[in-house]
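Dear colleague,

Please find the structure below, handed over for your records. My notes on its salt bridges follow.

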Amino acid sequence: MTDRARVQRYDDAGQPARVTRTPQGGLRVDAAVTRTGVLSYSDGERSSVEYKPDSEVFDAASLASLEGVPVTVDHPPALVDASTWRELTVGHALSAPRRDGDLVVLTLAVQAADVVAQIEGRDLHDVSSGYTCEVD
């Protein structure tokens, strides 16, 4: 029998590969949002090293869970839901997730003018996904 715990994780997948302005003044951001491999996590009290295999990261259900996800600035204290969406969201995933080597890549739409300015001014430059998972 395997012990499993549901935890919240944040994957810093790096800087966007491409940022382009839309005719409406928003941005399209092509960015890696997660990856496979051995990753280190810390919640401030405990640290762990975890393995995210290709078979789980690129599983059809896992990839489907990224379709249309909200985009936020930084990580809110809890995942975005219907009651916090208007307050926290600055955009959403535009494309279906796709594999690029050991990365999962999405095209994100950013619509909030202040956030567009921060990205173009390079004040915001990293992309990191937040999600829950079971760790065994």
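Glu 120 forms a salt bridge with Arg 21, their closest N and O atoms lying 2.9 Å apart; the term denotes a side-chain nitrogen of Lys or Arg within 4 Å of a carboxyl oxygen of Asp or Glu. Because Glu 120 lies in helix H4 (residues 113-120) and Arg 21 in strand E2 (residues 18-21), the pair ties together parts that are 99 residues apart in sequence. Helices (H or I, at least four residues) and strands (E, at least two) are DSSP runs, numbered from the N terminus.

This is a predicted model: local features need pLDDT of at least 70 and side-chain atom pairs pLDDT 80 or more, whereas totals for chains, interfaces and linings use all residues. Residues are numbered from 1 along each chain as its sequence is written, and side-chain values use heavy atoms, without hydrogens and water.

Glu 120 is partly exposed, at 42% relative accessible area, and Arg 21 is also partly exposed, at 48%. Here buried means under 20% relative accessible area, exposed over 50%, and partly exposed in between (1.4 Å probe, protein chains only).

A salt bridge also joins Arg 98 and Asp 30 (3.9 Å, N to O). Arg 98 belongs to strand E8 (residues 98-100) and Asp 30 to strand E3 (residues 27-35), 68 residues apart. Asp 30 is buried at 11%, while Arg 98 is partly exposed at 35%.

Arg 99 and Asp 54 meet in a salt bridge at 2.8 Å, N to O. This pair links strand E8 with helix H1 (residues 54-57), 45 residues apart. Salt bridges that share partners join Arg 18, Asp 30 and Arg 98 into one network. The count comes to 4 salt bridges.

Yours sincerely
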